[in-house]
Amino acid sequence: MNRSTSTWLVALVLLISVGCGQVQEQATESAVDQPEQDAELSEVDIAYEEAADAYEATEDPAERVAIAKDFLSRFPDTEKTDNALARAMYPLIEDLEKPDEAYALFEEYLPQITAPEVKFEAQQNLAVLHSMTGNREALSSLAKTMAAEHDFQYTDHLDLMEAAVEAEAWDLAIQQADASLALATPEAFKAQYDDISDEDAQRWGRRREAFSAAHKGWAQENLGHHEAALDTFASNAEKTTYSFLGIDDTPLHIYWGKSLILQGRFEQAMEKLEVEALYGPKEAKEAFIEAWAALHGSDEGLEEHFWSLRQKNAKPLPQFTLANYDGDTIDTADFVGDVLLVAAWNPT
Amino acid sequence: MELPRLEPLWQKYQDQGLTIIAIDSNRDTERAQKFIAENNLTYHMLEDTEGEETVVGDKLQINGFPTSYLVDRQGRILYSHIGFDEGDEVKLEEEIRKLLES
């Protein structure tokens, strides 16, 4: 796996965790429904809840698989079977150390799933597995199966597009990008979120187009369609949105810069990568350094250059006040003149 | 995790004008306080606001964690760090020193 795709893997891993969350949610819902029919939870429900608790309590993938397998062996055919099958398949993907074992679980359990939505989710996770192992042919054939069995939403195309880029299955990436582009309309946004304003629907719809186009352009470049790639980037650049630091909310500028590097246009590449290299993901800085070194023969002078770019691009920190755990208010205006490090975190 | 690695920097440079603020964007008070106590974190630990406009998501436009901004004495964001890898604290210390001296 190269670094250029590792960032987008985060999104895929998120997909996995969201997937598991959905499985859990379905399980909880049916467990809640049960008491209306009879006063007590069935043996299956109780065992499933216990298994689910044990599953959540451990972070060890092998243990999670074992918990799900144990449940399946005790209750081979119940309304919980699909969810348990799903839980048996997913853990090994998250930190893929044993691809063969992960594949074996999918081969054994995926065909046993009956509910279409659980099956589709399992297929999405199998697509992630194919992308992580670079199994292009299997990914393309899976994509065909999935398309034949389901009505794809915008995000379904996106997931496959990113999996395809990860696996360097460029034709599939372009195909999925095009399909997602067809659904990346303001109208689709309005249909999905009924309280969204026309203006926002327009803006987010266009940003979706830029997101898909970014991947499409990168795939075109990798297929050797250099001019088409540059055309894709240029014609979609104005559709993207930027953070207040000037970072592209889509990977368009990063893929544009990386494509220009592949074409030997290093100065243009640095221009596209400039803000991303300062404030964006690490791969942008690495690409920028690559372009600099290719142009200058070494990375000499690079630190000075970055310093001047920082001076040029620096934005003021927005002022804010927040409370600490003792209830005291902290105002960033009180720290003017200090060097200030602001770190955003989530406790785990 | 990034936060415990910031504590030595705070201890070392607070007298020279370094301030560190950490914001829990999830408002997961119980976990946050446990983590802070376990790691003896002594710099400013804040909770994000509830409701429509949040500091982390809306004002600072941060949506991946951990992310940090390093701000110079003129209040300008000169560095942003997305994620935190082994050894990143060395780079961060260089940047802090550079900003403290400039």
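I began at A:Ala88, which touches A:Val65, A:Ala68, A:Lys69, A:Leu72, A:Leu105 and A:Tyr109, leaving aside residues up to four places away in sequence. Touching, or contact, is taken as C-beta atoms, placed from the backbone, within 7 Å.

A note on the model. This is a predicted model, in which local features need pLDDT of at least 70 and side-chain atom pairs count only at pLDDT 80 or more, while totals for chains, interfaces and linings use all residues. Residues are numbered from 1 along each chain as its sequence is written, and chains are lettered from A and ligands numbered from 1 in the order in which they are written.

**Cores**

I looked up the largest nonpolar core and found 74 residues. A:Ala88, A:Met89, A:Leu139, A:Ala164, A:Ala173 and A:Leu273 have the most contacts inside it. A nonpolar core here is a set of buried Ala, Val, Leu, Ile, Met, Phe, Trp, Tyr and Cys residues joined through C-beta atoms within 7 Å. Buried means 20 or more other C-beta atoms within 10 Å of a residue's own; exposed means 12 or fewer, and partly exposed lies in between. Helix 9 (residues 154-167) of chain A gives the largest share of this core, eight residues. Helices (H or I, at least four residues) and strands (E, at least two) are DSSP runs, numbered from the N terminus. Another core lies apart from it, with 33 residues, including A:Leu322, B:Leu46, B:Leu60 and B:Ile62.

**Chain A**

I noted 17 helices and four strands in chain A. Its length is 348 residues, and 41% of them count as buried. Of the contacts in chain A with a separation of 6 or more, 58% join residues 24 or more positions apart.

I then picked out A:Trp307, in helix 17 (residues 302-313) of chain A. A:Leu278 is 29 residues from A:Trp307 in sequence, and their C-alpha atoms are 9.5 Å apart.

Next I followed an open sheet of six strands, in the order 1(A)-4(B)-3(B)-4(A)-1(B)-2(B), with mixed pairing. Two strands pair if DSSP finds at least two bridges between them. Strand 1 of chain A and strand 2 of chain B stand at the edges with a single partner strand each, so one side of each has no neighbour in the sheet.

I checked the pairs. Strand 1 (residues 315-316) of chain A runs antiparallel to strand 4 of chain B, joined by two bridges. There A:Lys315 stands opposite B:Ile77. Strands 3 and 4 of chain B are antiparallel over five bridges, and B:Leu70 has B:Tyr79 as its bridge partner. Strands 1 and 2 of chain B are parallel over four bridges, and B:Asp24 stands opposite B:Glu47.

**The contact between chains**

How many residues does each chain bring to the contact? Chain B brings 48 residues and chain A brings 30 residues. On the chain B side, strand 1 of chain B gives the most, with seven residues. By class, that side has 26 nonpolar, 12 polar and 10 charged residues. Ala, Val, Leu, Ile, Met, Phe, Trp, Tyr, Cys and Pro count as nonpolar, Asp, Glu, Lys and Arg as charged, and the others, Gly among them, as polar.

Key:
Two residues are in contact if their C-beta atoms, placed from the backbone, lie within 7 Å.
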